[in-house]
Amino acid sequence: MATGEQSPLDVERVREDFPILDREVGDGVPLVYFDNAATTQTPNEVIDTFGDYYRGYNANVHRGIHQLSQEASIAYEEAHDRLAEFVGASGEREEMIFTKNTTEAANLVAYAWGLNELGEGDEIVLTEMEHHSTLVTWQQMAKRTGAEVKYIRVDPEDGSLDMEHAKELIGPDTAMVSVVHVSNVLGTVNPLSELADMAHEHDALIFGDGAQAVPNRPVDVEDLDVDFYAFSGHKMAGPTGVGGLYGKKAILEEMEPFMYGGEMIRRVTYEDSSWNDLPWKYEAGTPLIAEGIAFAVAADYLDDLGLKNIRAHEERVTAEAYDRLSRIDGLEIYGPREDEERAGLVSFNLDGVHAHDLSSILNDHGVAIRAGDHCTQPLHQKMDIAASVRASFYLYNTVEELDALVEGIESAKDIFA
Ligand SMILES: Cc1ncc(COP(=O)(O)O)c(C=O)c1O
């Protein structure tokens, strides 16, 4: 979407759902929250779910036949169906495991599948723009199993994935392809379904990191044809402490459990144990009950606004941000160029000003952004920068809020001139 176009969202109304946006920071300046790629804010409906649960039907799930336990179990189980539907998984709850976050989802697959299936001669293909949550996980799993990690090149000029290189790397020795759907640094949207086809051609599996995709665009795991797909509640207007892992049913049935203990078993003797049905086989111990229920409320909230509308709104704010930031002398923007597809974030550096100093000055202007390596140290090394500043937008941000960002950057320039 180009700058100047009308947003499909009634943003002023939407903002009323997020009480935190009314607060002031520092010396009484209004908060401008542009750190959404790290964690999004939470609407009243999601916050209220916790009060309703703890005041009304707090009980352990799957264990009791008393009414509270039944109410909690139904809500918790239906939350799985809801999240499965949200990402297009027709297998409903059997294909949707609740984890702590995207990181735990990646570790679940690495331990449950990787530890058993990988060995000498196997290759794990990642991209150079992976988040540490998958990069470190697969790197360490390779060390344990004797497998080798290979990285699909990223073009440093426009942040795109080198698909010719992907074709070279994904081959008969590939066992797993793990790809970030939307880069949390560059804003690049990767061609996941094309990569899934390449992986499947060689009987490899593909893991999609959807942490930055599910919050802001319609995702259909069956259209993408990914084998696993992970995302986090706290990046999509939901609570912290809960994430989703989609897995194809046939694969989840075959895989070993990740953690052992209560809830995940069917029958236990002193000698041996057998496993519960999906998805409970992968949810050992008392799960994140209130968080899981609130996760589904967040999905409802986003669906009510419409994922297409959310994406269009974000594109509008991002296009405006790109336009205004690119007119600032000495400011370098990373990732896709102006006319290329970009998710709702802009990472940059200001010549002569360290990212942390810029972040601190922006904080004085009420602007919350992120400075650092954004859990992508190898990508920053490749781009030959120590750190970057990232402004990331969500459904409640306005183009007017960009004034504070630009003013803050201009004042940093004055201070460091
Ligand atoms: C692309 C990407 N993948 C994975 C993660 C990890 O998410 P979490 O910290 O919720 O596990 C993040 C978080 O910033 C991310 O941006």
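Does Trp275 count as buried, partly exposed or exposed, and at what relative accessibility? Trp275 counts as partly exposed at 27% relative accessibility (buried is under 20% relative accessible area, exposed over 50%, partly exposed in between; 1.4 Å probe, protein chains only).

The model is predicted: local features need pLDDT of at least 70, side-chain atom pairs count only at pLDDT 80 or more, and totals for chains, interfaces and linings use all residues. Residues are numbered from 1 along each chain as its sequence is written, and side-chain values use heavy atoms, with hydrogens and water left out.

**View 1. Tyr260 and Trp275 form a tilted aromatic pair.** Their centres are 5.5 Å apart, with 45 degrees between the planes (rings of Phe, Tyr and Trp, the last by its six-membered ring, pair if their centres lie within 6.5 Å; planes under 30 degrees apart are stacked, over 60 edge-to-face, the rest tilted). Tyr260 is exposed, at 54% relative accessible area.

**View 2. Ring pairs join Tyr76, Phe98, Phe231, Trp280 and Phe295 into a cluster.** The count for the structure comes to 13 aromatic pairs. In the pair of Tyr53 and Tyr57, the centres are 5.1 Å apart and the planes stand at 85 degrees, so the pair is edge-to-face. Both Tyr53 and Tyr57 are buried.

**View 3. Arg15 and Glu401 form a salt bridge.** The closest N and O atoms are 3.4 Å apart (a side-chain nitrogen of Lys or Arg within 4 Å of a carboxyl oxygen of Asp or Glu). Arg15 and Glu401 are both buried.

**View 4. Asp35 meets Arg370 in a salt bridge of 3.0 Å, N to O.** Asp35 is buried at 7% relative accessibility, whereas Arg370 is partly exposed at 37%.

**View 5. A network of salt bridges links Arg82, Glu85, Asp300 and Asp303.** The structure holds 21 salt bridges.
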